[in-house]
Amino acid sequence: MAECDNCGAHITDRYKRVFAANDGTLRACSNCCSQSEMFEGAGSSRSSISEID
């Protein structure tokens, strides 16, 4: 199973495929931020990590 690169939470491969950056890096997940932040690109955007921390 895949893991969030930010918090290490277990996520599904499908979740990572949908929300990760094009290089496969998932910088946040629904454990790290809200679902609305994920829909706005928090999982693939570096700038959103600073907002989450």
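In the protein chain of this predicted model, confidence is lowest in helix H3 (residues 46-52), with a mean pLDDT of 49, and highest in strand S2, at 94. Over the protein chain the mean pLDDT is 80, and 83% of the residues reach 70 or more. The protein chain holds three helices and two strands, and their order along the sequence is β-β-α-α-α.

**Confidence**

- For residues 48-53, pLDDT stays under 50.
- The model has ten contacts beyond four places in sequence for residues 48-53.

**The chain as a whole**

- The protein chain has 53 residues, and buried residues make up 38% of them.
- Its accessible surface comes to about 3,400 Å², and carbon and sulfur atoms account for 43% of that surface.
- Taking contacts in the protein chain between residues at least 6 apart in sequence, 16% join residues at least 24 apart.

**The nonpolar core**

- The largest nonpolar core has 14 residues.
- Which of its members touch the most other members? They are Ile11, Tyr15, Leu26, Ala28, Cys29 and Met38.
- Leucine 26, one of these six, has contacts beyond four places in sequence with Cys4, Asp5, Asn6, Ile11, Tyr15, Lys16, Phe19, Ala20, Met38 and Gly43.

- One aromatic pair turns up in a search of the whole structure.
- The pair is formed by tyrosine 15 and phenylalanine 19, whose ring centres are 4.7 Å apart. It counts as tilted because the ring planes stand at 45°, between the cut-offs of 30 degrees for stacked and 60 for edge-to-face.
- Both residues belong to helix H1 (residues 13-19), where they are four residues apart, or about one turn of the helix.
- Tyrosine 15 and phenylalanine 19 are both buried.
- Phenylalanine 19 has a relative accessible area of 13%, so it counts as buried, the limit being 20%.
- Beyond four places in sequence, phenylalanine 19 touches Leu26, Gln35, Met38, Phe39, Gly43 and Ser44.
- The C-alpha atoms of phenylalanine 19 and glycine 41 lie 7.2 Å apart, although these residues are 22 apart in sequence.

**Aspartate 13, also in helix H1**

- Aspartate 13 is placed in helix H1.
- Is aspartate 13 buried or exposed? Its relative accessible area is 52%, so it is exposed; the exposed class begins over 50%.
- Twelve residues separate aspartate 13 from methionine 1 along the chain, and their C-alpha atoms are 6.4 Å apart.

**Alanine 9, between the strands**

- Where is alanine 9 placed? It sits in the loop between strand S1 (2-3) and strand S2 (10-11).
- Although in a loop, alanine 9 counts as buried because its relative accessibility is 16%, under the 20% limit.
- Its contacts beyond four places in sequence are Ala2, Glu3, Cys4, Cys29 and Asn31.
- Alanine 9 and alanine 28 are 19 residues apart along the chain, with 9.5 Å between their C-alpha atoms.

**Cysteines**

- How many disulfides does a search of the whole structure find? The search finds zero.
- A disulfide needs the two sulfur atoms within 2.5 Å.
- Cysteine 29 is buried, because its relative accessibility is 2%.
- Cysteine 33 is in no disulfide either; its nearest cysteine sulfur belongs to cysteine 32, 6.2 Å away.
- Cysteine 33 also counts as buried, because its relative accessibility is 9%.
- Cysteine 33 lies in the loop between H1 and helix H2 (35-39).
- Between cysteine 33 and glycine 43, ten residues apart in sequence, the C-alpha distance is 9.0 Å.

Notes: Residues are numbered from 1 along each chain as its sequence is written. This is a predicted model: local features need pLDDT of at least 70, side-chain atom pairs count only at pLDDT 80 or more; totals for chains, interfaces and linings use all residues. Side-chain values use heavy atoms; hydrogens and water are left out. Rings of Phe, Tyr and Trp (its six-membered ring) pair if their centres lie within 6.5 Å; planes under 30 degrees apart count as stacked, over 60 as edge-to-face and the rest as tilted. Buried means under 20% relative accessible area, exposed over 50%, partly exposed in between (1.4 Å probe, protein chains only). Contact means heavy atoms within 4.5 Å. pLDDT is the predictor's confidence in each residue, from 0 to 100. A nonpolar core is a set of buried Ala, Val, Leu, Ile, Met, Phe, Trp, Tyr and Cys residues joined through side-chain atoms within 4.5 Å. Accessible areas come from the Shrake-Rupley method with a 1.4 Å probe; for residues, only the protein chains shown count as cover.
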